[in-house]
Amino acid sequence: MKIIDLRSDTVTLPTPAMREAINAVDLGDDVYGEDPETNLLQEMAADMVGKEAALLVPSGTMGNLACVLTHCGRGEEVILGHRSHTFLNEAGGISALGGIPIHTVPNQEDGAILLEDIEAAIRAKNIHFPRTRLICLENTHNRCSGSPLSPEYTDSVAALAGRHGIKVHLDGARVFNAAVALGVDVKELTRSVDSLIFCLSKGLAAPIGSVICGTREFISEALRTRKLLGGGMRQTGIIAAAGVVALREMVSRLKEDHDNARNLAEGIARIPGLSVEGQWVKTNIVYFYLVSERLTADEFITRAAARGVRFLPTGPSRFRMVTHYGIVPEDIAETIEILSRVMKEK
Ligand SMILES: Cc1ncc(COP(=O)(O)O)c(C=O)c1O
């Protein structure tokens, strides 16, 4: 039976071109800065997002952690959306390992944080208060329907932060999805932030890796933080070779994932007993609800999986499907067909 795996865009397997590149790559020791492919990947990444320098890390989680630890000292506070990945899904690492308190503020449905909420969260100078050092944004916003944040919004947060002497970090795990969805150069989404990460191993389909980008000075500090976290790796050309292919070949095809996700959302919305979150799906993530009481959430997931469709529960009756490389329009049609059948079953 064919499995249509819509749990995440992290399940993507490397493309044939990536496998060839991995086989052919020249290697060196990256802790000595001597892995040529890693150096190439880092230059390409920095250039694409309009920053001075970049640094390969094993994962998005380590990337966000290394950036926050580089910006903040112990006891210095970070403002984070209450639905952000760094707050919810990174094991509290910035607090546990960095002694960095998190000040949560509400994410709106589109992933944005209201400027007035940020302003209100910034601490006044007072010996009783932690110092606010950093604001983090997430683009696209995973938990908020995969929504993209606009360049204008990002700039307005950066301007506010600048007025208060605070830095801005962007969790851009899927920032290329945001750029494609908005029809803008990714640089427009990154121009005003002080640091960002993006992931090679999600929609871009590389098997491993994320990249931190920022000023040369920030990256040389982040290099030290990466070492502290045990993220200094050796013959990373194996990872970088796939990453270079990802940046060269996989960004422009993200539109296919977005088209598939929109068709999927429209199909699910037509099935009695299911309802799609948000009025529109702009990127590759679809959240939906089971609103019928004919079956439980567990039964729904198990029956769909038995017919070959896999997806994740993200709440009592809330589910997530993510489209990605390897998922084609026929899979979308089949998924809709299978979900309709599951909803009609006794
Ligand atoms: C928005 C966002 N940030 C960061 C991460 C962490 O990436 P990784 O799984 O590579 O640690 C994820 C992973 O799904 C994510 O969705």
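Biologist: In this predicted model, are Phe176 and Phe198 buried or exposed?

Modeller: The two residues come from separate elements: Phe176 is in helix H8 (residues 175-182) and Phe198 is in strand E7 (residues 195-199). The pair therefore links distant parts of the chain, 22 residues apart. As to accessibility, residues count as buried under 20% relative accessible area. Phe176 and Phe198 are both buried.

Biologist: How many aromatic pairs does a search of the whole structure find, and what is the geometry of the rings of Phe176 and Phe198?

Modeller: The search of the whole structure returns 7 aromatic pairs. For Phe176 and Phe198, the ring centres are 5.1 Å apart and the planes stand at 85°. Because planes over 60 degrees apart count as edge-to-face, the pair of Phe176 and Phe198 is edge-to-face.

Biologist: What is the geometry of the rings of Phe311 and Phe319, and which residues do ring pairs link into a cluster?

Modeller: The centres of Phe311 and Phe319 are separated by 5.7 Å and their planes by 85°, so this pair is edge-to-face. Phe311 and Phe319 are both buried. The cluster linked by ring pairs consists of Phe288, Phe300, Phe311 and Phe319.

Biologist: Over which ring does the charged end of Arg318 sit, and how many Å from its centre?

Modeller: Two arginines can be described in this way. The charged end of Arg123 sits over the ring of Phe129, 5.9 Å from the ring centre. For Arg318, the ring is that of Tyr287, and the distance to its centre is 3.9 Å.

Biologist: Which elements do the buried residues of H8 pack against?

Modeller: The buried residues of H8 are Val175, Phe176, Asn177, Ala178 and Ala179. After H8 comes Gly183, with a positive phi near 70°. The elements against which the buried residues of H8 pack are helix H2 (36-49), strand E6 (167-171), helix H9 (186-190), E7, helix H11 (237-249) and helix H12 (254-269).

Biologist: How many Å² of accessible area does the ligand have on its own, and what percentage does the protein cover?

Modeller: Among the residues around the ligand are Ser59, His85, Glu138 and Lys202, while helix H3 (residues 60-71) gives the most to the shell, with 3 residues. A backbone N or O atom of Gly60 lies 2.8 Å from a ligand oxygen atom, and a polar side-chain atom of Arg174 lies 2.9 Å from an oxygen atom of the ligand. An N or O atom in the side chain of Asp171 is 2.7 Å from a ligand nitrogen atom. On its own the ligand has 390 Å², of which the protein covers 85%.

Biologist: Which backbone oxygen does the side chain of Asn260 reach?

Modeller: Asn260 is found in helix H12 and counts as buried, at 5% relative accessibility. Beyond its neighbours within four places in sequence, Asn260 is in contact with Thr323, Ile327, Val328, Pro329 and Ile332. At 3.3 Å, its side chain reaches the backbone oxygen of Ile327.

Biologist: Ala91 and Ala205 both have a positive phi; what is the relative accessibility of Ala205?

Modeller: Most residues other than glycine have a negative phi. Ala91, with phi near 60°, lies in the loop between helix H4 (85-88) and helix H5 (93-98) and is exposed, with a relative accessible area of 77%. Ala205, with phi about 75°, lies in the loop between E7 and strand E8 (210-214). Ala205 counts as buried, its relative accessibility being 0%.

How values were computed. Residues are numbered from 1 along each chain as its sequence is written. This is a predicted model: local features need pLDDT of at least 70, side-chain atom pairs count only at pLDDT 80 or more; totals for chains, interfaces and linings use all residues. Side-chain values use heavy atoms; hydrogens and water are left out. Rings of Phe, Tyr and Trp (its six-membered ring) pair if their centres lie within 6.5 Å; planes under 30 degrees apart count as stacked, over 60 as edge-to-face and the rest as tilted. Helices (H or I, at least four residues) and strands (E, at least two) are DSSP runs, numbered from the N terminus. Buried means under 20% relative accessible area, exposed over 50%, partly exposed in between (1.4 Å probe, protein chains only). A charge sits over a ring if NZ of Lys or CZ of Arg is within 6 Å of the ring centre and within 35 degrees of the ring normal. Contact means heavy atoms within 4.5 Å. A residue is near a molecule or strand if one of its heavy atoms lies within 4 Å of it. A polar contact is a pair of N or O atoms within 3.5 Å; within protein, one must be able to donate a hydrogen and the other to accept it, and residues adjacent in sequence count only if both atoms are side-chain atoms. Accessible areas come from the Shrake-Rupley method with a 1.4 Å probe; for residues, only the protein chains shown count as cover.
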